[in-house]
Structures are given as C-alpha cells and as structure tokens.
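Work through these exercises with the model open beside you. Try each task before reading its solution.

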Amino acid sequence: MHENTLLEVNNLRTHFFLEKGVLKAIDGISFRVAKGETLALVGESGCGKSLTAASIMGLVPSPGKVVDGEILLNGEDLLQKTQKEMRQVRGSRITMIFQEPMTALNPVFTIGWQIMEPLRYHRKDLTKAEAKERAIELLDLLRIPLPRQRFHEYPHQLSGGMRQRVLIAMALACDPDLLICDEPTTALDVTVQAQILDLLLEIKEKLGTSIIMITHDLGVVREIADRVAIMYAGKIVEENSTHEVFNQPRHPYTEALLNSVPRIVQGERQEELYQIPGMVPNLLKTHQGCLFAPRCDYAKELCFGVTPEEHLVLGGLVACRRYSEEVDLRELN
Ligand SMILES: Nc1ncnc2c1ncn2[C@@H]1O[C@H](COP(=O)(O)OP(=O)(O)OP(=O)(O)O)[C@@H](O)[C@H]1O
Ligand SMILES: [Mg+2]
C-alpha cells in the first residue's frame, strides 16, 4: 500500500439476498483515496453509491452482505473488524453526513449537546468543559454566527443550511481521517449549497481530511473533487482526475452523463436536457458483456458478449473495450 493512501477498496462485492434471487448491487469495485484527497462517486440512481458508503461504514442493511473484497483504512482491513471495533472506527476515524439534515438531528436535544455526543463516546480523555469548548470551536469553524448562544438552541431554531453545518461539525468533532458526504447539498437551495461547498473546501484545506463526495451533481464534482469514480450498475466504469474526466471523458457512459448536464448556450440555459436513453439493467439477472452496451452509442456486437476489462489510461482507468490500450479517440470505432 502506498504510504499516501488512506483508504483502499479492493474488489468489493455487496449483494442483497432476496427471495427473488441475489441482487449484485456492488459487483467488484476497487478504488483508493489518498490522504487529504477528495474523491467523488458519481452515477445514476441505484448504481450503488450509498451502498459503497454503507459498506465502508460497516452499515450494510439486511438482507445485504459484503461477500468479497477488502476495505483497507491505513492498511487495516475494516471487513475483518468486529461490530464493536467498527463502532470505534465510526464517528472517530470515519464519519458520514447525510442528505437530510433534519432527520439526522434529534429534535429534543440542543445542537451543542449533539455535537458533544461523539466526543463523549470517543474522546473520554476530555473533561466536560473541554468538550464544550471543542463544540463551540467547531460551530465557529463552520461559520455558525454566535456559537456560544447557538450551542443552547434546538434544531428547529436553525435554517436548513445551519443544520447541515451542525451535522458537518458533528462529523468533524473527533477529527476523522475520512469524511463521507452522501448528497450533502441536494436538499438545500442553490445559494446555501454554494456556501456549504465552500466550507467543505475550506475544511479540506485546513484539516487535510480525506473526503468521499457522493453526488449526482457534476457542478459539485467539478468544484470540490480531485478525482472522480463513475459508477454504473454496481461497477466503476471510469476513474480518473477530475480534470481528465471532464476534459476527456473516455467511457461512453461518462460522456453521456456530461452531456446530460444543463449547458449555457449563448447565455441561455438550455431547457431540454440530454437524457441517457434506455434503462439501467436489472441487477437480479445474470448479464453477459458490458452492462452499458444496450444504451451505448458505440456498442458493437462484441460488447454484448464480453465483459470489458479495466484498461489503464492517462491518469486513471476505464472499463470499455475501446481502450484495449491508450489510443486516440479519433482512432476508435
Ligand atoms: N435494503 C435493500 N434491499 C434490497 N436492495 C437494496 C437495498 N438497499 C439498496 N438496494 C439496492 O442496491 C442498489 C444500490 O443502491 P444505492 O442506495 O447504493 O444506490 P445509489 O447509487 O445511492 O442511488 P441514489 O442516487 O438514488 O441514492 C440498488 O439497486 C438498490 O435497489
Ligand atoms: Mg444514494
């Protein structure tokens, strides 16, 4: 393992054991997150983004199960840890923030009390007064005005944006190595979204926390991510630096996703978005070949029969038969 690597996921498979059969929701994904790096996980609804996060956190819901792979945090395999050991990892070394700030906060406790909660559990070395100071420091770090006063307020007294800041403060309380954000700004309006993103960028700079950012918003990706992993139907089809992904998308699915972003044409926002035609595959069925082939403009007969291998390309990798070696796009097809 490279010394700069914080998290390394190797060949992760997470399946749901349903009456109808085995749903291969995550089917052999590998990626790494370096120290201080932000990796965006992107893809259509149902492709396995949240489940990847749940697998890392050790919180896969039943009847789901991690059936294969490794999740190495600083070289230690989290999949080998007991439930009790994972409770120690969660909330201190890896933390997560979710999409809906109101449901994640408890309405009957003050926000100060809630920020102190992870400190009480994981930082037993701190006195109550020290934990309180730390909580106020965090509110301040998250630019919550009048933190000493706000400490005593309840979630309903705060706006949506402020509640999301409180959740981020809770997630940062124990100075985690890895912060996983699952659609953290989707429920917020555009201005507040931008503020939260700026804050996350600042935190990344100041604290050097590694971040996995789950989002379907490519604007968010472009702003915050160093690298991007594009997921399709339980697999990573392309992984590269944000720059490469946006400037030279290699997988046809990535290309289609980028085309589906609203574009400004001569100062006007296009109303008609490019929709990716076709449906995502049913993961209960056994598939042959490339899962994206039925929706792919470049698909050839071979794509329906042979599962694409991962090919190394400049800066990353792509799972598409068009890249049996790094070749110029004009030569393809
Ligand atoms: N509790 C469950 N039981 C059965 N299948 C599940 C369960 N949770 C998730 N799945 C399946 O696992 C797959 C991945 O789901 P996941 O929640 O990771 O998607 P996602 O990429 O986060 O989508 P979204 O963008 O909608 O949040 C989906 O096909 C989903 O149907
Ligand atoms: Mg999700």
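**Exercise 1. The second largest pocket**

Solution. The model is predicted: local features need pLDDT of at least 70, side-chain atom pairs count only at pLDDT 80 or more, and totals for chains, interfaces and linings use all residues. Residues are numbered from 1 along each chain as its sequence is written, chains are lettered from A and ligands numbered from 1 in the order written, and side-chain values use heavy atoms, without hydrogens and water.

Step 1. On a 1 Å grid over the protein atoms alone, a pocket is an open set of points where a 1.4 Å probe fits, with protein on both sides within 12 Å along at least five of seven lines; lining residues have an atom within 4 Å of a point.

Step 2. Take the volume, the space filled by probe spheres set on the points. For this pocket it is about 460 Å³.

Step 3. Look at the lining. Of its 18 residues, Gly91, Thr95, Met96, Phe98 and Met170 are the closest to the centre. Two or more residues each come from β6 (94-97), α4 (111-122) and α7 (160-172). Helices (H or I, at least four residues) and strands (E, at least two) are DSSP runs, numbered from the N terminus.

Step 4. Assign the domains, whose bounds come from an automatic or database assignment. Domain 1 (5-93 + 174-331) and domain 2 (105-173) both contribute to the lining, so the pocket lies between them.

**Exercise 2. Helix packing**

Solution. Axes are lines fitted to C-alpha atoms over the stretch in contact, and angles run from 0 to 180 degrees between N-to-C directions.

Step 1. The axes of α4 and α7 come within 7 Å and cross at roughly 25°. That makes α4 roughly parallel to α7 (under 35 degrees).

Step 2. The axes of α4 and α5 (residues 128-141) come within 9 Å and cross at roughly 115°. Hence α4 is roughly perpendicular to α5 (65 to 115 degrees).

Step 3. α5 and α7 pack at about 130°, with axes 9 Å apart. This pair is oblique.

**Exercise 3. Backbone exceptions**

Solution. Most residues other than glycine have a negative phi, and most peptide bonds are trans.

Step 1. The bond from Ser62 to Pro63 is cis, with omega near 5°. Pro63 sits in the loop between α1 (49-57) and β4 (64-73).

Step 2. Arg143 has phi near 55°, in the loop between α5 and α6 (147-150).

Step 3. Glu183 has phi near 45°, in the loop between β7 (178-182) and α8 (190-207).

Conventions. Angles under 35 degrees count as roughly parallel, over 145 as roughly antiparallel, 65 to 115 as roughly perpendicular and the rest as oblique.
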